[in-house]
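Subject: Structure handover

Hello,

Here is the structure I promised to pass on. Please open it first, then read my notes below.

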Amino acid sequence: MKNLVQVAGIIDAEEAKLLSAEGVDWLGFPLRLPSGKDDISESAATKIIATLNTPQAGVLISYLTDADEVSAFCTELGVTAVQLHGDVEVEQLRKLKAKRPDLYVLKSLVVREDNAEELLALVDQCADAVDMFITDTYNPATGAKGATGLTHDWSVSAELVRRSPKPLMLAGGLTPDNVAAAIRQVRPAAVDAHTGLEGPNGRKDLEKTRRFVAEARLAFNEIEAA
């Protein structure tokens with residue numbers, strides 16, 4: 001998997017259709033959030049996911065930490081990829097991969113100001129149990145580990161890319177204005193945007209989405225050609 005563009009936080013079928021039409025590869029659905037405030041119902045997400053055609057796919061973004069619960073929920077939704085943002089034990093990651101070899105498993109690496117060594121160690125520890133890592137930004141003000149709208153030190157993500165034997169998706173405050181620079185510096189296999197593509201009404205904006213995809217594709221092509 002490489003040169004993927006993911007957009008997370010899908011709120012309805014209209015938004016999903018817009019993103020699909022603009023060439024977004026993966027649509028992320030954060031569900032059963034710790035806050036209890038999901039952007040979309042599970043039934044609506046299931047219906048949207050069923051309409052997506054390969055290579056486009058729906059991705060469950062989850063804070064669940066139990067392999068059996070994750071597996072069951074993925075089956076309910078009909079997804080083939082799951083992005084785990086909770087504090088999942090390595091044993092549970094291995095259990096999930098053994099139980100569901102069909103699932104593409106992404107594990108989050110949440111970048112704080114001083115935890116680069118911890119994240120590098122985590123990569124070494126669980127790379128064999130996942131298919132891809134995703135870096136995101138911690139918000140110390142709220143404790144949020146995703147959808148913060150904040151960037152992090154991209155040199156940390158770049159170091160994780162160099163260290164990891166598995167591909168890495170870069171997330172955290174990406175917008176049409178900074179995604180190309182981020183790709184050039186980090187050299188990830190994929191990028192993810194959420195709040196950076198939203199307009200004042202909280203919906204994904206067509207022009208922002210179009211620019212984001214175009215800038216990401218351009219930068220991916222550049223680093224491949226280099």
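A crossing is left-handed if the near helix is turned anticlockwise from the far one by less than a right angle, and right-handed if clockwise. You will need that for the helix pairs further down.

This is a predicted model, where local features need pLDDT of at least 70, side-chain atom pairs count only at pLDDT 80 or more, and totals for chains, interfaces and linings use all residues. Residues are numbered from 1 along each chain as its sequence is written, and side-chain values use heavy atoms, with hydrogens and water left out.

Helices (H or I, at least four residues) and strands (E, at least two) are DSSP runs, numbered from the N terminus.

**The barrel**

In what order do the 8 strands close into a barrel? The order is S1-S2-S3-S4-S5-S6-S7-S8, with parallel pairing. From one strand to the next, the twist averages 25°. Two strands pair if DSSP finds at least two bridges between them.

Is S2 enclosed or open? 5 of the 5 residues of S2 are buried, so S2 is largely enclosed by the rest of the structure. Buried means under 20% relative accessible area, exposed over 50%, and partly exposed in between (1.4 Å probe, protein chains only). In a regular strand the side chains alternate between the two faces of the sheet. In S2, Trp26, Gly28 and Pro30 point one way. Leu27 and Phe29 point the other way.

S1 and S2 are parallel and share 3 bridges. Val7 has Leu27 of S2 as its bridge partner. From S1 the chain passes through H1 to S2, a right-handed β-α-β crossover. A crossover is right-handed if, with the strands pointing away from the viewer, the path from the first strand over the helix to the second runs clockwise.

On to S3 (residues 57-62), which runs parallel to S2 and is joined to it by 5 bridges. Trp26 has Ala57 of S3 as its bridge partner. The chain gets from S2 to S3 through helix H2 (residues 42-51), and this β-α-β crossover is right-handed.

Glu22 is buried, at a relative accessible area of 18%. Beyond its neighbours within four places in sequence, Glu22 is in contact (heavy atoms within 4.5 Å) with Leu206, Thr209, Arg210 and Val213.

Strand S6 (residues 132-137) and strand S7 (residues 168-170) run parallel, joined by 3 bridges. Phe133 stands opposite Leu168 in S7. Helix H6 (residues 154-163) packs on the sheet and touches strand S5 (104-111), S6 and S7. The direction of H6 makes about 165° with that of S7.

S7 and S8 are parallel too, with 2 bridges. Leu170 faces Val191 in S8. The link from S7 to S8 goes through helix H7 (residues 179-186), as a right-handed β-α-β crossover. S8 also pairs with strand S1 (residues 4-8), in parallel, over 4 bridges. There, Val5 has Val191 as its bridge partner.

Strand S8 (residues 190-193) is covered on both faces. Ala190 and Asp192 are buried on one side, Val191 and Ala193 on the other.

**Helix against helix**

Two packed helices are described by the angle between their axes and the distance between the axes. Axes are lines fitted to C-alpha atoms, for helices over the stretch in contact, and angles run from 0 to 180 degrees between N-to-C directions.

The axes of helix H5 (residues 116-126) and H6 come within 10 Å and cross at roughly 25°. That makes H5 roughly parallel to H6. Angles under 35 degrees count as roughly parallel, over 145 as roughly antiparallel, 65 to 115 as roughly perpendicular and the rest as oblique. The H5 and H6 crossing is right-handed. Residues in the contact include Leu119 and Val123 of H5 and Val156 and Leu160 of H6.

The axes of H6 and H7 come within 8 Å and cross at roughly 45°. H6 is therefore oblique to H7. This crossing of H6 and H7 is right-handed.

**Phe220**

Phe220 is in helix H8 (residues 206-225). Its relative accessibility is 1%, so Phe220 counts as buried. Among its contacts beyond four places in sequence are Leu4, Val5, Ala190 and Val191.

Best wishes
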